[in-house]
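Please walk me through this structure in short steps.

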Amino acid sequence: MQNPLGYEKESSLLKKFAIPSIISMLVSSLYNIVDQIFIGQGVGFLGNAATNVAFPLTTIALAIALLIGIGSASLFSLYLGEKKPERSSSIAGNGISMSVLCSVIYVVLVLVFLEPLLKSFGATSTIMPLALDYTRITTLGVPFLITTNVISNLIRADGSPKYSMTCMVAGAIVNTILDPLFIFVFHMGVAGAAIATVAGQVISFFIAAWYIKSFQHIEFNKKSLRISLKDTKEMATIGMSASLNQIAILFVQIVLNNSLTYYGQFTKFGSDIPLAACGIVMKTNAILLAIIIGISQGMQPIIGFNYGAQKYERVKKTFKLAISANLVVSFIGWALFQFCTSTVLSIFGSGDANYFEFATMFMRIYLMLVCVDGVQMLSSSFFSSIKKAYLGMFLSMTRQVLFLIPLVLILPKFFGLNGILYAAPIADFVAFVVSVICISTEFKKLNELEKSRKTNSL
């Protein structure tokens with residue numbers, strides 16, 4: 001059976017794959033957003049600060065999931081495009097087995113070193129008890145979170161984006177129902193929010209695992225689940241850029257948390273208000289990033305398959321469509337952050353005048369150039385999808401590691417708390433310029449490959 005990735009209209013394919021992927025990513029981000037809203041209403045801004053310092057642990061888990069999930073799904077698509085379904089099968093099985101192994105190791109390490117980890121993430125003595133209550137429970141859900149994300153990426157690459165979406169939506173519904181029940185009815189505080197989150201992740205996992213026995217384009221069996229060092233290395237190389245992007249977000253979060261608490265103590269805002277405000281702004285922005293990542297994941301199987309099939313015009317057209325969709329969405333997000341700031345912040349609970357003053361300033365300045373962020377993210381994913389992993393890794397590190405972290409460390413020495421806020425738009429602009437240069441250069445190469453392919457076919 002001919003794969004529709006190779007002949008259907010690019011815009012139709014992108015809608016078919018990106019929309020369910022966007023919904024999946026939005027739902028995934030809602031796990032944290034819903035917790036943040038209900039905790040803010042039921043516990044207060046200190047509860048939000050506690051989940052903020054715990055969030056890096058989730059970021060690491062997602063980095064592992066993306067390393068394995070994006071890597072295996074990209075290879076899965078490439079090998080299908082090259083008409084090698086048996087290789088796609090072994091890649092899928094290897095990815096699932098590695099996700100289980102890595103997640104179990106991660107849980108053990110986190111539980112052993114939990115308190116020092118939270119301190120390094122910026123937890124103060126006031127926030128630490130709440131952060132411990134929350135993370136001791138959510139850590140137990142990590143194996144379900146990681147494995148579900150890996151299988152979900154493979155399901156999408158197999159041509160079933162709606163089923164992939166269903167996995168995430170079902171878990172989010174469970175989480176949303178249980179959150180207010182545990183927090184407001186049973187008065188379980190942050191622990192109740194954590195239990196609701198894990199319950200949703202378990203539901204998502206079982207729905208995703210059910211698909212394994214019915215892959216459309218490969219024959220999947222127990223032999224496929226064998227771990228191969230060769231496949232793991234290839235998978236990790238491809239998935240590294242997406243994973244590094246999450247790790248970079250982790251480092252940014254740690255540096256931001258510690259910088260905000262340090263420089264905040266010298267202002268009227270103190271240490272806890274900047275920390276709580278940062279958590280709200282970062283998780284609000286995570287909604288926009290979820291849409292961008294959804295577009296990225298939606299384009300990945302289309303670009304990967306067509307690059308493997310040497311259909312370079314379809315590769316370029318798909319990327320251009322993805323960039324256009326990203327820019328429209330990013331501009332809408334930017335407008336909301338700049339002009340509807342108070343409305344957005346009020347969703348996450350109450351606080352005093354100083355809290356809302358700083359949170360408003362943080363959102364407007366830190367997200368000033370968020371409208372161009374997606375170009376760097378999509379460009380990084382593009383290079384990973386065409387097996388140019390090292391260039392993808394480089395682009396994934398530009399905004400966060402090469403530009404933002406150094407600026408967050410340097411600018412406050414001269415401009416205090418404001419220096420931290422202005423570091424982000426500067427990093428956004430420079431990363432955007434670098435991405436445009438890299439993509440323009442690659443498109444010239446694709447044009448040459450397309451000319452060569454047409455010449456050889458004559």
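Thr232 lies in helix H9, residues 229-264. Helices (H or I, at least four residues) and strands (E, at least two) are DSSP runs, numbered from the N terminus. This is a predicted model, in which local features need pLDDT of at least 70 and side-chain atom pairs count only at pLDDT 80 or more, while totals for chains, interfaces and linings use all residues. Residues are numbered from 1 along each chain as its sequence is written, and side-chain values use heavy atoms, with hydrogens and water left out.

Is Thr232 buried or exposed? Its relative accessibility is 15%, so Thr232 counts as buried. Buried means under 20% relative accessible area, exposed means over 50%, and partly exposed is in between (1.4 Å probe, protein chains only). Thr232 touches Asn94, Met98 and Ile227, not counting residues up to four places away in sequence. Contact here means heavy atoms within 4.5 Å. Ile23 is 209 residues from Thr232 in sequence, and 29 Å from it in space, C-alpha to C-alpha.

Go on to the loop between H9 and H10, where Ser271 is found. Ser271 has a relative accessible area of 22%, so it is partly exposed. It touches Thr261, Gly264 and Gln265, leaving out residues up to four places away in sequence. Asn257 is 14 residues from Ser271 along the chain, and their C-alpha atoms are separated by 9.5 Å.

Asn306 is found in helix H10. At 0% relative accessibility, Asn306 counts as buried. Its contacts are Leu5, Gly6, Lys311, Arg314 and Val315, again not counting residues up to four places away in sequence.

Now look at the backbone. Most residues other than glycine have a negative phi. Gln310 is not a glycine, yet it has a positive phi of about 65°. It sits in the loop between helix H10 (272-308) and H11. Gln310 is partly exposed, with a relative accessible area of 41%. His187 is not a glycine either, and has a positive phi of about 55°. Its place is the loop between helix H7 (161-185) and H8. His187 counts as exposed, at 66% relative accessibility.

Helix packing comes next. Two packed helices are described by the angle between their axes and the distance between the axes. The axes are lines fitted to C-alpha atoms, for helices over the stretch in contact, and angles run from 0 to 180 degrees between N-to-C directions. Helix H5 (residues 128-138) packs with helix H8 (residues 189-210) at an angle of about 20°, with the axes 8 Å apart. That makes H5 roughly parallel to H8. Angles under 35 degrees count as roughly parallel, over 145 as roughly antiparallel, 65 to 115 as roughly perpendicular and the rest as oblique. H5 and H8 cross in a right-handed way. A crossing is left-handed if the near helix is turned anticlockwise from the far one by less than a right angle, and right-handed if clockwise. H5 brings Leu130, Asp133, Tyr134, Ile137 and Thr138 to the contact, and the residues they meet in H8 include Val190, Ala194 and Val198.

Which way do H14 and H15 run relative to each other? Helix H14 (residues 373-385) and helix H15 (residues 389-410) pack at an angle of about 160°, with their axes 7 Å apart. They are therefore roughly antiparallel. The crossing of H14 and H15 is left-handed. The contact involves Asp373, Gln376, Ser379, Ser380, Phe383 and Ser384 of H14, and residues of H15 including Leu391, Leu395 and Arg399.

Finish with the rings. The structure holds 21 aromatic pairs. Rings of Phe, Tyr and Trp (its six-membered ring) pair if their centres lie within 6.5 Å; planes under 30 degrees apart count as stacked, over 60 as edge-to-face and the rest as tilted. Phe319 and Phe443 form an edge-to-face pair, 5.9 Å centre to centre, with 65° between the planes. This pair links distant parts of the chain: Phe319 is in helix H11 (residues 312-339) and Phe443 is in helix H17 (residues 417-457), 124 residues apart. Phe319 is buried, at 4% relative accessibility. Phe443 is buried too, with a relative accessible area of 13%. Elsewhere, Phe76, Tyr163, Tyr211, Phe215 and Phe220 form one aromatic cluster.
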